[in-house]
Amino acid sequence: GIRDCLTMMSWLALGFLLLGPGSVTADEPRGVLETLEAEVVSAIDRARPSVVAITRIRSEDGATMAVRGLPLAAMPGEMDIDRGGGITFGGAAPIRPGFPSERSPEFYALPGETGSGVVVGDKGEILTAFHLVKGARRIRVRSEKAEFDAEIIAADPRTDLAVIVPRSGSTLAEALKPLAIGRGEALRQGAFLLALGNPFNAARDGQATASLGILANVARRIEPPQGDNPNVRQFFQFQPTLLQLDSKLNLGMSGGAVVNLKGELVGITTAEASPSGFDAAAGYAIPMDERGRKAVGQLIEGKEVEYGFIGIGLEREPNMIRDVRRGTPAWKAELAAEDVILAVGDVTLAKDESALPLALAGAPVGEPVKLKVLHEGRVVQRTLIMSKYPVSGEVIATNRPEPWRGLRIDFTSVLGDALSTQETLDSMMRGGVGVVEVLGGSNGESAGVLRGDVVASVEGTQVNTPAEFRAAVSALENKPVTLKLRSGLDEERTVTVAPR
């Protein structure tokens, strides 16, 4: 318990931390401990009502079905016990005698399918780990005051974050208390932190478990595990610095809250940072720093978290360009090999290998960004429009721009495995925007537009960003619109898309 943990600590060290050197005497240890205990208890009281227990009921084919806009899946009425001891749904065998039915609370206590979440929005938005809800046919949530079905409104595999809410039409949102988000970048090594969550599914009654520890490292970098899992690789690429706690984060703590002694959320616990060969229960958390808060804000709005792409390779020397790919934003902005990028926007870059990738990833996509560059011994200014970095795996965003006549438009950089395909890079040099989805039965489909096509122009006007495309078609709402398309380097065709 908390008291047992505190009594193991040195009262002298605590006195130095809380009262300053020389201010603690042998007569005062009880008061020091009671002061710290009061702060810990108060922080837990503020944070605990916002921490929920989450259970995933997997879909049979691995598809993520518990998404806003999709119907609520029926609860499985049957279960099989496979030879490996795991529980699978949808089989022919009846429920094993004595096994809980889907109507009992114990049904939602399946091993390996439970985790945690934190209420962060006024409308019941719950922040959790994406890997916890990925592949769910149904998501059950238990708080201190309610138990309900939830649905995903947005998820980003690159940061392993997702936001879920009570299903549409639910009135339970008012029973959920949001937790204030603090400044993760203000944390210092040695700070006292609390981790709250659902270890080993112990919090399925809605009462979160709390543990106390210190911040063991502010910006821990961990080498990604071996393997070809694209989501794990992206996690380490876009979230290279993590909070390391000295408290253990056992099974079920993913998506839980890391809070400071003010009761503010400063991190989200994750299991994705425990590669093979390391302590699987090590305490790592995604910091709620500027990047983390920005991602959470976009997810709460149901939007995709976008990452910038300019098309450069980097040298081992921090912030130095090794090469520039033709047709990319960097090439158009006349960046060159051996240039050193000193600043991105208002952010002056540290001499650190991750500083430039993180700054570019956080820059606004589709908008002009100013760079300060050391070019051939002179400091010069370059301006470019960020393209969008593609993602491997599943991105969920329920608040996207409406398709235009059945066509969803995005940057050409996200078409297929774009960044490793020379044909796509050459296509980027020629401009245009990509067709990433064609809705069945739409006017776009009838006109012969295909997913993967590049729209070069609208009524003769060249378009290079989704914003330019929307501006070009906005004045043509009730008219047929002629598009020039490319489906390859030399294959061009013209189609006319009828109005709705």
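Over which residues does pLDDT stay under 50, with 59 contacts beyond four places in sequence in the model? I looked this up before anything else.

**Entry 1: confidence**

The stretch is residues 77-109. Here pLDDT is the predictor's confidence in each residue, from 0 to 100, and contact means heavy atoms within 4.5 Å. I note that this is a predicted model, where local features need pLDDT of at least 70, side-chain atom pairs count only at pLDDT 80 or more, and totals for chains, interfaces and linings use all residues. Residues are numbered from 1 along each chain as its sequence is written, and side-chain values use heavy atoms, with hydrogens and water left out.

For the protein, I find a mean pLDDT of 81, with 77% of its residues at 70 or more. Residues 1-19 have pLDDT below 50, and the model gives this stretch 33 contacts beyond near neighbours in sequence. Where pLDDT is low, the predicted coordinates should not be read in detail.

**Entry 2: the barrel**

I traced six strands that close into a barrel, in the order S9-S10-S11-S14-S13-S12, with antiparallel pairing. Neighbouring strands of this sheet are turned by 40° against each other on average, direction ignored. Two strands pair if DSSP finds at least two bridges between them. Helices (H or I, at least four residues) and strands (E, at least two) are DSSP runs, numbered from the N terminus.

I then checked S11 against S14. Three bridges join S11 (residues 242-245) to S14 (residues 283-287), and the two run antiparallel. Gln244 stands opposite Tyr284 in S14.

Next, helix H3 (residues 29-47). H3 lies across S9 (192-197), S10 (209-220) and S12 (257-259), at about 35° to S9. Axes are lines fitted to C-alpha atoms, for helices over the stretch in contact, and angles run from 0 to 180 degrees between N-to-C directions.

**Entry 3: aromatic pairs**

My rule: rings of Phe, Tyr and Trp (its six-membered ring) pair if their centres lie within 6.5 Å; planes under 30 degrees apart are stacked, over 60 edge-to-face, the rest tilted. The count comes to two aromatic pairs.

Phe309 and Tyr389 have ring centres 6.0 Å apart and planes at 80°, so I log the pair as edge-to-face. Phe309 lies in S15 and Tyr389 in the loop between S22 and S23, so the pair ties together parts 80 residues apart in sequence. Phe309 is buried at 7% relative accessibility, while Tyr389 is partly exposed at 25%. Buried means under 20% relative accessible area, exposed over 50%, partly exposed in between (1.4 Å probe, protein chains only).

Trp404 and Phe469 have centres 5.6 Å apart and planes at 85°, so this pair is edge-to-face. Trp404 sits in the loop between S23 and S24, and Phe469 in helix H11, 65 residues apart. Trp404 and Phe469 are buried.
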